[in-house]
Each structure stands twice: as C-alpha cells, then as structure tokens.
Amino acid sequence: MKKYLIVGLGNLGEEYQGTRHNIGFDIVDYLASKFEVAFRLERFGLIGSFNLKGRKVYLLKPSTFMNLSGKSIKYHLNLNKIKINNLFVVADDLHLPFGTIKCKSKGSDGGHNGHKNIIECLQGSTYSRLKFGIGNNFQKGHQSNYVLSPWSNEQNLVLRDLVIKSSNLIVDFCLSGIEETMKNNN
C-alpha cells in the first residue's frame with residue numbers, strides 16, 4: 001500500500017487559530033473532517049490517517065512550531081516509512097496574492113521559516129508543496145504581525161472555498177502525483 005504524508009504548517013495554540021500563518025493547519029483540519037480522521041498527539045505532532053483508494057494517507061500538524069517543522073516531518077516520514085516523493089507540505093506564502101494557490105514539486109524556502117527548517121532537516125528541497133497565497137499587505141518590518149493576524153472580513157468570505165479547493169488538490173496529489181496536480185491547478 002502506498003503511503004503519503006500530508007503536512008499542514010502552523011502553530012498549535014488558541015492564539016494562532018484563524019491566523020494567516022495557520023492556513024496549513026486549517027486545510028489539513030478540513031481534510032480530517034471530510035474523511036472523518038481523529039488526530040492523536042504523538043511525538044512532534046498531531047497525526048491521523050485514512051485510506052483513499054488503496055493508499056494510506058497520514059495527516060500531520062507538527063507540534064514543534066512553524067520554525068522547527070522539519071524535525072516533525074523527518075520523524076514521521078521515517079517512523080511510517082514514507083518516501084519523500086509522497087510528502088506534500090501545505091503552507092502560507094506571502095509572495096502570492098491572497099486567493100492564489102500554487103502547487104510545486106520543489107523549490108527554495110522563499111523566506112518561509114517552516115520551509116527553511118524542512119529543507120535543512122531533509123537535506124534537500126525536492127518535496128511537493130502547496131503554497132497558499134496570503135498576500136503581503138503590510139508595512140516593512142511588520143511581517144510577523146501580518147502573518148500572525150486573522151483574515152480580513154473580505155478574505156473570510158471566500159476562505160472556505162479556497163480551503164476546499166486546496167484539499168481537492170491534496171487528494172489529486174495522492175491519487176495522481178504532483179505533475180498531474182500541477183496541471184489541474186491551472
């Protein structure tokens with residue numbers, strides 16, 4: 001049975017819920033509700049799994065905080081014997097306008113501390129990812145405040161549809177691979 005690890009990046013804790021930086025958690029939570037997955041606390045994260053057409057799909061929300069996500073991902077890849085090409089990381093991206101969703105098979109950290117740590121821990125940047133555009137409507141020096149603040153009322157109106165679209169792309173990834181998913185994302 002093929003195994004997949006879907007990782008939503010974010011931070012645990014009430015103060016981070018509903019913030020731009022936690023969109024990875026929100027998308028993984030939506031998938032968990034759709035497939036009736038219960039998370040359990042394990043080493044370095046909350047994890048759950050479901051079966052999808054002969055595949056085992058693990059959903060992970062690292063408990064290491066965003067900047068140390070790689071430690072959690074590496075641990076769960078090894079523990080569950082999942083190949084790196086079956087890893088899919090979901091995170092916010094302030095280089096993309098709000099509402100833009102981009103899937104990639106590899107890339108740099110793009111200034112994202114979560115991706116930076118993943119690349120360090122995995123010793124490479126060749127892993128699939130979904131980049132969820134949060135925009136960059138902040139003044140110089142206020143990036144942290146922006147990513148850790150809640151969505152605007154206008155953004156909240158369309159957020160659920162974007163989360164559903166993102167979760168459908170994750171299912172595509174598990175069923176068809178990253179190349180097909182990137183084609184379907186246009």
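Biologist: What radius of gyration does the protein chain have, and which value would a compact globule give?

Modeller: This is a predicted model. With 186 residues, a compact globule would have a radius of gyration near 16 Å, so the value for the protein chain agrees with that rule. Along its principal axes the C-alpha trace spans about 50 × 30 × 30 Å. The radius of gyration of the protein chain is 15 Å.

Biologist: Of the 186 residues, what percentage count as buried?

Modeller: A residue is buried when its relative accessible area is under 20%. The protein chain exposes about 9300 Å², of which carbon and sulfur atoms supply 48%. The buried share of the 186 residues is 49%.

Biologist: Within what arc do the buried residues of α2 fall, seen down its axis?

Modeller: Helix α2 covers residues 69-79, and its buried residues are Ser69, Gly70, Ser72, Ile73, His76 and Leu77. They line one face of the helix, because they fall within an arc of 160°.

Biologist: Against which elements do the buried residues of α2 pack?

Modeller: Packing here rests on contact, meaning heavy atoms within 4.5 Å. The partners of the buried α2 residues are β1 (2-8), β2 (40-42), β3 (45-52), β4 (55-62), β5 (87-93) and α3 (113-122).

Biologist: Which residue just after α2 takes a positive phi?

Modeller: The phi concerned is about 50°. The residue with this angle, just after α2, is Lys81.

Key: Residues numbered from 1 in each chain as written. Predicted model: local features only at pLDDT ≥ 70, side-chain atom pairs only at ≥ 80, totals over all residues. Heavy atoms only, no water. Rg over C-alpha atoms; globule rule 2.2 N^0.38 Å. Buried < 20%, exposed > 50% of the residue type's maximum accessible area, 1.4 Å probe, protein only. Areas by Shrake-Rupley, 256 points an atom, 1.4 Å probe, with all protein chains shown as cover. Helix = DSSP H or I, 4+ residues; strand = E, 2+ residues; numbered from the N terminus. Arc of directions from axis to C-beta.
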